[in-house]
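Open the model in a viewer and keep the selection panel at hand. The stops below are meant to be taken in order.

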Amino acid sequence: MKKYLLILGTVLLVIPSLVLAQTVKQEKAGLRENIELKKAELQKNIKEQKEATVKRIEEVRKEAKAKVEAKRAEVKEKIQQLKDERKKAIALRIDEQLNRLNEQWTKHFSNVLNQLNDILGKVELRAEKTKANGQDVTAVSTAVEKAKQTIAAAKSAVEEQVKKSYIATIESEDKLKDAFKTQRDLLHKDLFGLRDGLMKDARKAVQDALQSLRVVPEVDK
Amino acid sequence: MNTQNGKIIIWLVVLALIIAAGFIWYRYYFAQSEPLSGEDTTSAIENDLGAVDLGDLDSDFQSVDKDLNSF
């Protein structure tokens, strides 16, 4: 009888242990699979967003260029009519520089935002891995969402900046400097405003998301 | 015969170099363009974030200012 009870007790202990071990194993495999799926999904989303941003910015740039084409041609014509050859060369150079700067810096800002999006993707992925290890990442998810919104706001602002053009209104040869300085100051204000405003906010938001991740225990395991 | 062999060897070397260059370019390009590539530990992410450069606008405006002042 004792023998039977011992066997029964062993069976009752071993079977649930085996079932539990199998369940844990399956759960771990499931979580690993989930992380891989999440990574693939994130990669796909980031890639699509990047491509869409590049395409959108180029479209907006083309539209903006087409809109001011006549005005730019008119200003160039006025510059060509200047008597002073030296001033003419300077005016043409500044006109070209101002518009090149806007194009160059909006491209740069757009690339930076894509970079920040990539980094935020890594934060999300790490948070997912940490969650799979049983940690609470609610604060990270909130910070990631906030960063996404800030990046989106910065993207819109860059798009608005792409639409702008800086064309001097030339009235007379002696007011050339003032005419170009007005446009220079405007561009300066806009680009600095964008960089020190929403661009820095976007970087800070990603930094905050990372910070919220760093404080989670065993985050890098 | 020797000259022909030499030519073949040269062509093979050139071909190998082109393939190697293509392979390096492919690896480099895709490593760059693939999101979430590289490490995702918090220190690696911190390094990535540290490398984000918002840019030095001042230096770009210096040449415009120089031209403006020479009017």
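Select A:Trp105 and A:Phe109 in helix α2 of chain A, which covers residues 85–132. The two are 4 residues apart, about one turn of the helix, and both are buried. This is a predicted model, and every value in the tour is computed from it.

Stay with the aromatic rings. Over all chains the count comes to 3 aromatic pairs.

Next, select A:Phe180 and B:Phe71. This aromatic pair is stacked, with 6.0 Å from centre to centre and 25° between the planes. A:Phe180 belongs to helix α4 (residues 176–214) of chain A, whereas B:Phe71 sits in the segment after α3 (57–69) of chain B, so the pair joins two chains. A:Phe180 has a relative accessible area of 0% and is buried.

Now show chain B by itself. Its elements run α-α-α from the N terminus on, with 3 helices and 0 strands. Of the 71 residues in chain B, 24% are buried. The accessible surface of chain B is about 5100 Å², and carbon and sulfur atoms account for 63% of that area.

For the last stop, select B:Ile8, B:Leu12, B:Leu15 and B:Ile19, which make a nonpolar surface patch of about 400 Å². Within this group, B:Leu12 is part of helix α1 (residues 2–33) of chain B. Is B:Leu12 buried or exposed? Its relative accessibility is 53%, so B:Leu12 counts as exposed.

Definitions and conventions
Residues numbered from 1 in each chain as written. Chains lettered and ligands numbered in written order. Predicted model: local features only at pLDDT ≥ 70, side-chain atom pairs only at ≥ 80, totals over all residues. Heavy atoms only, no water. Patch = residues over 30% accessible without salt bridge, like charges linked within 9 Å, V, L, I, M, F, W, Y side chains within 5 Å. Areas by Shrake-Rupley, 256 points an atom, 1.4 Å probe, with all protein chains shown as cover. Salt bridge = Lys/Arg side-chain N within 4 Å of Asp/Glu carboxyl O. Buried < 20%, exposed > 50% of the residue type's maximum accessible area, 1.4 Å probe, protein only. Phe/Tyr/Trp six-rings, centres within 6.5 Å; stacked < 30°, edge-to-face > 60°.
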